[in-house]
Amino acid sequence: MVYEEKMILNGDPDEEEEEEEEEEDMVDPLDTVREKCEQTAHCVHARERLEACENRVGSRSTEEDCTEELFDFLHARDHCVAHKVFHSVK
């Protein structure tokens with residue numbers, strides 16, 4: 001009787017495992033397209049500029065930040081993603 005009450009309150013443990021497995025199998029198509037777009041020449045160049053800025057700023061104490069380089073990289077990646085993401089949406 002106590003076990004049945006726990007099952008009612010907590011649910012069936014087997015059902016929870018199945019739900020977790022289903023969630024792990026799902027992959028966000030946006031993440032996949034972003035990873036592919038980060039490999040394009042324009043995005044690679046923007047990422048190199050961002051990393052160079054981060055290394056420069058991190059090596060010395062300065063008030064400079066890498067906001068412009070970050071926005072340039074995100075813009076380049078999102079521009080690529082915008083043209084490709086809707087082909088993978090149902």
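Visitor: Let a salt bridge be a side-chain nitrogen of Lys or Arg within 4 Å of a carboxyl oxygen of Asp or Glu. How many salt bridges does that rule give here?
Guide: The structure is a predicted model. Under that rule, 5 salt bridges are counted.

Visitor: Which residue meets Asp72 in a salt bridge?
Guide: The partner is Arg49, with an N to O distance of 3.4 Å between the side chains. Asp72 belongs to helix α5 and Arg49 to helix α4, so this pair ties together parts that are 23 residues apart in sequence.

Visitor: Are those two buried or exposed, or something in between?
Guide: Asp72 counts as partly exposed, at 31% relative accessibility. Arg49 is also partly exposed, with a relative accessible area of 36%. The cut-offs explain both labels, because buried requires under 20% and exposed over 50%.

Visitor: And Glu38, what does its side chain pair with?
Guide: Glu38 forms a salt bridge with Arg47 at 3.2 Å, N to O. A salt bridge also joins Glu38 to Arg77, again with 3.2 Å from N to O. Since Arg77 lies in helix α5 (residues 67-84) and Glu38 in the loop between α3 (29-37) and α4 (41-59), the latter pair ties together parts that are 39 residues apart in sequence.

Visitor: How accessible are the two arginines, Arg47 and Arg77?
Guide: Arg47 has 30% relative accessibility and counts as partly exposed. Arg77, at 12%, counts as buried.

Visitor: Which residues make up the salt-bridge network?
Guide: The network links Glu38, Arg47, Arg77 and Asp78.

Visitor: Changing topic: how many disulfides are there?
Guide: The search of the whole structure returns 2 disulfides. One of them is formed by Cys37 and Cys80, whose sulfur atoms are 2.2 Å apart. The torsion about that S-S bond is about -75 degrees, so the disulfide is left-handed. Cys37 lies in helix α3 and Cys80 in helix α5, so the bond ties together parts that are 43 residues apart in sequence.

Visitor: Is that pair buried or exposed?
Guide: Cys37 is buried, with a relative accessible area of 0%. Cys80 counts as buried at 13% relative accessibility.

Visitor: What about Cys53, which residue does a disulfide join it to?
Guide: Cys53 is joined to Cys66, with an S to S distance of 2.1 Å. This link is left-handed too, with -95 degrees about the S-S bond. Here Cys53 sits in helix α4 and Cys66 in the loop between α4 and α5, so the pair ties together parts that are 13 residues apart in sequence. Both residues are buried.

Visitor: What pattern do the disulfides follow?
Guide: Counting bonded cysteines along the chain, the pattern is 1-4, 2-3.

Visitor: Now α4: what span should it have?
Guide: With 19 residues at 1.5 Å a residue, α4 should span 27 Å. The end C-alpha atoms are 27 Å apart, which agrees.

Visitor: Which residues of α4 are buried?
Guide: They are Cys43, Ala46, Leu50, Cys53 and Val57. Viewed down the axis of α4, these buried residues fall within an arc of 90 degrees, so they line one face of the helix. On the other side, Ala41, Asn55 and Ser59 are exposed.

Visitor: What covers the buried residues of α4?
Guide: The covering elements include α3 and α5. As for Ala46, it touches Asp72 and Phe73, leaving aside residues up to four places away in sequence.

Visitor: Which residues form the largest nonpolar core?
Guide: That core has 8 residues: Cys43, Ala46, Leu50, Cys53, Val57, Cys66, Phe73 and Ala76. The elements giving two or more residues to this core are α4 and α5. Helix α4 gives the most, with 5 residues. A second, separate core of 5 residues includes Val33, Cys80, Val81 and Val85.

Key. Residues are numbered from 1 along each chain as its sequence is written. This is a predicted model: local features need pLDDT of at least 70, side-chain atom pairs count only at pLDDT 80 or more; totals for chains, interfaces and linings use all residues. Side-chain values use heavy atoms; hydrogens and water are left out. Buried means under 20% relative accessible area, exposed over 50%, partly exposed in between (1.4 Å probe, protein chains only). Helices (H or I, at least four residues) and strands (E, at least two) are DSSP runs, numbered from the N terminus. A disulfide is a pair of cysteine sulfur atoms within 2.5 Å. The expected span of a helix is 1.5 Å times one less than its number of residues. The arc is that of the directions from the helix axis to the C-beta atoms. Contact means heavy atoms within 4.5 Å. A nonpolar core is a set of buried Ala, Val, Leu, Ile, Met, Phe, Trp, Tyr and Cys residues joined through side-chain atoms within 4.5 Å.
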